[in-house]
Amino acid sequence: DLCLLDPATAPALFTNLYVNSQSRTELNVNAAQHFGKGGDNLLMVQGSLMQKELDQNNDGFRDQPLGKRFNIMDRWLQRTEHRTTQVILRYVTDQRDGGQTDAAPFGESSDRRRYAVDIDNEMTDVIVKNGWIFNDPKKSIGILTAFRNNTISSIYGDRNYQGAQRSAYANVVYQQLLKGKDQIKAGASFQFDDYDEIFRQTPTDRLDLGRTERMPGLFSEYTHSGARFTMVAGLRADFNSYYGNAVSPRLHLKYDIAPLTTIRFSVGSAFRSANPIMENSAALASARNVEFDGTLGFERSWNTGISLLHKFKWFDKKWSLALDAYRSDFTDQVVADMDRSPQTLAFYMLKGPSYANSVLADVQVQLSKQWEVKASYRWYDVKTTYDGVLRERPLVPTHRGLLDLGYVAKDEQWRFDITLNGFGSARLPSTASNPEEFQLGDRSPAYATLNAQITRVMGAWEVYLGGENLTGALQTRQILDVNDPFGTYFDASMIWGPTNRQMIYAGLRFTLKDKKTNNNPMP
């Protein structure tokens with residue numbers, strides 16, 4: 001879920017300057033303008049730069065790519081008594097250069113080349129939203145249109161991937177309040193996606209993955225709101241010109257057991273069209289030969305979940321307990337198989353069971369007005385059938401934990417936060433058929449990272465200092481056959497842990513508030 005800053009309530013000016021010990025510099029600037037009945041505008045600009053090579057495990061490869069990124073978004077919002085109009089314009093350019101360091105030896109390649117990973121990504125978005133309230137305030141209609149143009153050019157050693165996505169989306173929805181707080185929504189949508197994808201594993205091996213999808217759809221949703229019980233029931237039908245039809249029902253239930261205790265339940269089906277090369281691009285930094293077995297189709301799943309939130313007082317402290325349990329069962333799935341062979345990345349449709357179970361326990365306690373503690377534990381059970389064998393999804397830790405301590409001074413001029421993150425072991429794709437010196441174990445080790453930050457507030461100014469991975473956890477062996485990146489056993493995709501040790505950062509924020517800002521929330 002993403003909620004953009006509201007131009008009507010945003011401060012006139014906000015800036016954030018960030019630098020860290022790994023040479024990354026970043027600047028964020030938000031500028032808001034308020035035109036009364038003419039609406040409100042918020043311009044957001046972000047740029048980051050990292051040009052220092054890091055090789056903390058001394059393997060001759062950059063621990064993280066050099067990068068240049070520029071991101072600009074302009075959001076216009078106008079609200080009248082019966083209409084709301086919003087226009088969003090966004091442009092992003094992102095350049096990353098990885099691979100061997102400039103000082104690395106040429107290795108064992110006969111033509112004395114260095115292994116490079118170069119990725120250039122450029123994206124433009126245009127979003128227009130309009131909503132009208134009829135003379136009858138119980139009835140309204142909304143229209144959304146969105147356009148995107150995204151191009152990416154990438155090189156992984158001898159491999160070359162060129163991709164382009166041109167998309168358009170339109171949605172119209174009618175909403176009406178019924179008796180009490182009940183309401184009904186109904187509408188239609190149209191999604192257009194044109195993909196150009198050319199992948200070359202060698203200069204002569206050209207794979208064309210381009211396709212065009214046109215997908216009209218219809219949907220409806222009914223919401224019942226009672227004093228303690230809420231139900232949302234929905235159904236949509238989509239008709240994809242490339243993959244076929246999809247019908248997606250869903251149901252959400254919420255019941256307030258007590259004023260401070262709520263239970264939720266959800267069930268529904270979902271679908272998506274996959275872009276397997278882009279979604280597994282990390283595996284391209286290897287000697288794996290990419291194979292497609294058969295025709296790929298929609299991914300479809302059934303998702304079920306239940307959650308409980310309980311707030312209470314204990315030892316004169318405010319507590320909050322949250323328990324979540326969710327399961328996804330895939331009926332159709334594009335499988336990315338790295339277990340068939342250490343030299344192969346195979347894509348094919350699922351033949352057998354595939355599921356993901358997730359359980360989260362979260363406890364928060366307000367020790368005082370200044371101190372708060374949070375502890376979380378998440379258990380993952382994610383398995384997929386690979387070539388007829390049900391296995392754990394690789395590189396997904398089964399156990400994760402978090403412990404956080406936060407402090408805010410009485411005068412709110414000091415803030416402090418420290419977080420310990422724990423990660424359990426994860427299954428590694430099989431490398432058993434490699435020569436012994438290029439084999440890995442069956443599982444990665446467990447590790448922990450510690451992050452901390454302190455902030456000093458001085459009126460409109462804030463100064464902060466922090467650190468990440470203060471425990472210094474590091475995956476020392478990040479690449480197989482590091483001396484021959486163009487050889488048979490090279491693999492830089494087996495990343496299960498941090499690739500950098502401790503990082504220290506500092507920053508400066510400035511906020512200029514506008515007394516004329518409209519602080520009324522969006523209706």
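Is Leu17 buried, partly exposed or exposed? With a relative accessibility of 40%, Leu17 counts as partly exposed, because this value falls between the limits of 20% and 50%. The model is a predicted one, and its pLDDT averages 93 over the protein. This briefing covers confidence, nonpolar cores, a surface patch and salt bridges.

**Confidence**

- A pLDDT of at least 70 is reached by 97% of the residues.
- Among the elements of the protein, the highest mean pLDDT, 98, belongs to strand 23 (residues 399-408), and the lowest, 90, belongs to strand 10 (residues 205-208).
- Over residues 517-523 the pLDDT stays under 50, and the model has 12 contacts for this stretch beyond four places in sequence.

**Nonpolar cores**

- The largest nonpolar core consists of 22 residues, and Tyr115, Ile277 and Val290 are those with the most contacts inside it.
- At least two residues of this core come from each of strand 7 (139-156) and strand 19 (344-349).
- Strand 19 contributes the most to this core, namely 3 residues.
- Leaving aside residues up to four places away in sequence, Ile277 touches Tyr161, Phe199, Leu209, Leu284, Val290, Phe292 and Phe347.

**Surface patch**

- A nonpolar patch on the surface is formed by Leu17, Leu27, Met458, Trp461, Val463 and Leu508.
- Together, the residues of this patch have about 510 Å² of accessible area.
- Leu17, one of the patch residues, is located in strand 1 (residues 13-20).

**Salt bridges**

- The whole structure contains 27 salt bridges.
- Arg62 and Asp102 form a salt bridge in which the closest N and O atoms are 3.4 Å apart.
- This pair links distant parts of the chain, 40 residues apart: Arg62 is in the loop between strand 3 (40-50) and strand 4 (66-79), while Asp102 is in the loop between strand 5 (83-99) and strand 6 (116-133).
- Arg62 counts as buried because its relative accessibility is 15%, whereas Asp102, at 55%, counts as exposed.
- A further salt bridge joins the side chains of Asp194 and Arg166, with an N to O distance of 2.9 Å.
- Asp194 belongs to strand 9 (residues 183-202) and Arg166 to strand 8 (residues 159-177), so that the pair links distant parts of the chain, 28 residues apart.
- Asp194 is buried, with a relative accessible area of 16%, and Arg166 is partly exposed at 30% relative accessibility.

**A salt-bridge network**

- Arg340 forms a salt bridge with Asp293, and their closest N and O atoms are 2.7 Å apart.
- The two partners connect distant parts of the chain, 47 residues apart: Arg340 is in the loop between strand 18 (334-337) and strand 19, and Asp293 is in strand 15 (residues 289-293).
- Arg340 is partly exposed, with a relative accessible area of 32%, and Asp293 also counts as partly exposed, at 33% relative accessibility.
- Arg340 and Asp293 are linked with Glu291 and Asp387 in a network of salt bridges.

How values were computed
Residues are numbered from 1 along each chain as its sequence is written. This is a predicted model: local features need pLDDT of at least 70, side-chain atom pairs count only at pLDDT 80 or more; totals for chains, interfaces and linings use all residues. Side-chain values use heavy atoms; hydrogens and water are left out. A nonpolar core is a set of buried Ala, Val, Leu, Ile, Met, Phe, Trp, Tyr and Cys residues joined through side-chain atoms within 4.5 Å. Buried means under 20% relative accessible area, exposed over 50%, partly exposed in between (1.4 Å probe, protein chains only). Helices (H or I, at least four residues) and strands (E, at least two) are DSSP runs, numbered from the N terminus. Contact means heavy atoms within 4.5 Å. Patches are made of residues with over 30% relative accessible area and no salt bridge: like charges are joined within 9 Å, nonpolar side chains (Val, Leu, Ile, Met, Phe, Trp, Tyr) within 5 Å. Accessible areas come from the Shrake-Rupley method with a 1.4 Å probe; for residues, only the protein chains shown count as cover. A salt bridge is a side-chain nitrogen of Lys or Arg within 4 Å of a carboxyl oxygen of Asp or Glu. pLDDT is the predictor's confidence in each residue, from 0 to 100.
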